[in-house]
Amino acid sequence: MIDVLFEDNHLLAVNKPAGLPTMGVAEDRPSLLAEARAYIKAKYDKPGKVYLGIVSRLDAPVTGVVLLARTSKAAGRLCEAFRSRTVGKHYLAIVAGDPEPSGRLEHHLRKDERHRRVHTTSEKATGAQLAVLDYEVAARGNGLAALRVTLQTGRKHQIRVQLAAAGWPIVGDRKYGSDRPLAAGIALHAYRLDIDHPVRHEPLELSVAPPTSWRGLLGAMKPRLILLGDLPCGVDNC
């Protein structure tokens with residue numbers, strides 16, 4: 001059953017579970033978009049095909065906030081907000097390694113469509129795109145670190161590739177070098193989106209805590225992370 005975080009006449013924000021593609025799969029395969037359309041169709045008894053526009057996407061193994069537009073006007077305005085980088089995109093990642101307390105990562109990335117991967121590359125390489133993120137360490141323990149990540153750009157697999165390139169692969173992400181298993185998906189969670197409502201033009205914060213399957217990983221860290229309200233925080237700074 002779909003987990004709705006926010007809904008009005010213009011927007012639908014949902015909490016995507018691990019393993020469910022956002023969209024782009026065959027019609028006979030489940031996707032978040034198909035489930036969201038079925039939810040709207042059933043709730044409002046809508047005839048015919050339901051319009052929903054995906055304006056934020058997550059990789060299949062990633063969890064957290066996904067935003068959909070219920071009208072074409074809202075979709076157009078939100079897509080422009082993402083293009084102009086006025087949307088706040090905040091993630092929590094659990095990585096192996098010992099990162100500095102905070103920092104900025106800048107790489108140039110290139111897609112490898114044949115192997116469905118993304119690689120770091122040189123600035124002058126064909127197809128290279130600049131990728132920038134900021135991070136801060138929220139907790140450490142057991143050879144792991146929990147990072148709050150803020151995206152400054154939006155590239156495919158960006159956080160996964162950049163953290164791995166820095167020597168800190170995300171737990172469970174075998175595609176990008178992790179040797180630590182995770183029961184479902186990878187330890188990357190989109191915990192908050194900050195947007196301006198496309199019609200009311202008011203600030204809107206869409207947030208959700210990470211999956212309960214993370215509790216064992218988070219509980220072993222210092223300061224111990226707890227789930228308070230809509231996002232994780234250390235007991236010393238809640």
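How many nonpolar, polar and charged residues are there, by class, in the lining of the largest pocket? I noted, before counting, that this is a predicted model, and I then found 18 nonpolar, 9 polar and 14 charged residues in that lining.

I next looked up the extent of the largest pocket, whose volume is about 1400 Å³, and saw that 41 residues line it, with Arg57, Leu58, Asp59, Lys156 and His157 lying nearest its centre. The elements that give two or more residues to this lining are the helices α2 (72-83) and α3 (158-165) and the strands β5 (88-96) and β10 (188-196), and I recorded that β10 gives the largest share, 4 residues.

I turned to the second largest pocket, which holds about 230 Å³ of space. Its lining includes Met23, Gly24, Val25, Arg37 and Lys49, and by class I read off 5 nonpolar, 2 polar and 4 charged residues there.

I listed its lining as Leu109, Arg110, Lys111, Val118, Gly127, Gln129, Arg155 and Lys156, of which the largest share, 3 residues, comes from strand β6 (residues 102-112). By class I noted 4 charged residues in this lining, beside 2 nonpolar and 2 polar ones.

Methods. Residues are numbered from 1 along each chain as its sequence is written. This is a predicted model: local features need pLDDT of at least 70, side-chain atom pairs count only at pLDDT 80 or more; totals for chains, interfaces and linings use all residues. Side-chain values use heavy atoms; hydrogens and water are left out. On a 1 Å grid over the protein atoms alone, a cavity is a set of points where a 1.4 Å probe fits but cannot get out, and a pocket is an open set with protein on both sides within 12 Å along at least five of seven lines; lining residues have an atom within 4 Å of a point. Ala, Val, Leu, Ile, Met, Phe, Trp, Tyr, Cys and Pro count as nonpolar, Asp, Glu, Lys and Arg as charged, and the others, Gly among them, as polar. Grid points are joined across faces, edges and corners, and a volume is the space filled by probe spheres set on the points.
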